[in-house]
Amino acid sequence: MEQHEGHDHEHHGHGHGGAGGTGGVSWATAARATLHCLTGCAIGEVLGMVIGTALGWGNVATMVLAIVLAFFFGYALTLRGILAAGVGLRTAVRVALAADTLSIAVMELIDNGVIALWPGAMDAHLSDPLFWIVLAIALAAAFVITTPVNKWMIGRGKGHAVVHQYHH
């Protein structure tokens, strides 16, 4: 698992918060912020699917658990870095919610949409290569579609730009 404290300085670049556009935000900065969200989402997705499958839950219950855990781990990775910067818990939670909610929501919509629409993916078991192939494709699609969202948000001083201000 990545070390969030040092990682933030790398992936939040100094080019955001300009004149309200995304011109000052590099695609690399947006991609690194998206990769951070993707890490938490992927941990939650896989854990939720493993737990739901192990407990013999149906597709809907398993998907709901995976989404809840994706949000939990996405927020948790952000909270970890903010709390390490000495910010109080209440403020840290507000910052994490403001920074990650849209990014995680878009990522989960795309990720779960691909899985739900891919023929046979919802019924694939953890031991089935189709499960892992479709999950990888779904996460890749979520990354590609969410990166411009993060670029837009960072360029407006929102999203991961909010997190970045707590590391200076």
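Colour the protein chain by secondary structure to begin, and from the N terminus on its elements run α-α-α-α-α-α, which amounts to 6 helices and 0 strands, where helices (H or I, at least four residues) and strands (E, at least two) are DSSP runs numbered from the N terminus. The model is a predicted one, in which local features need pLDDT of at least 70 and side-chain atom pairs count only at pLDDT 80 or more, while totals for chains, interfaces and linings use all residues. Residues are numbered from 1 along each chain as its sequence is written, and side-chain values use heavy atoms, with hydrogens and water left out.

Next, show the whole chain by accessibility: of its 168 residues, 44% count as buried, a word that stands for under 20% relative accessible area, with exposed for over 50% and partly exposed in between (1.4 Å probe, protein chains only).

Select Ala 33, which is found in helix H2 and counts as buried because its relative accessible area is 0%.

Move on to Leu 55, in the loop between helix H2 (27–54) and helix H3 (59–84); with a relative accessible area of 54%, Leu 55 is exposed.

Now select Thr 53, Asn 59, Thr 62, Met 122 and Ala 124, which lie nearest the centre of the largest pocket among its 18 lining residues. The elements giving two or more residues to this lining are H2, H3, helix H4 (89–117) and helix H5 (129–155). The volume of the pocket is about 300 Å³, and a pocket here is an open set of points on a 1 Å grid, where a 1.4 Å probe fits, with protein on both sides within 12 Å along at least five of seven lines, lining residues having an atom within 4 Å of a point.

Finally, keep Ala 124, in the loop between H4 and H5, which counts as buried at 13% relative accessibility.

Terms used:
Grid points are joined across faces, edges and corners, and a volume is the space filled by probe spheres set on the points.
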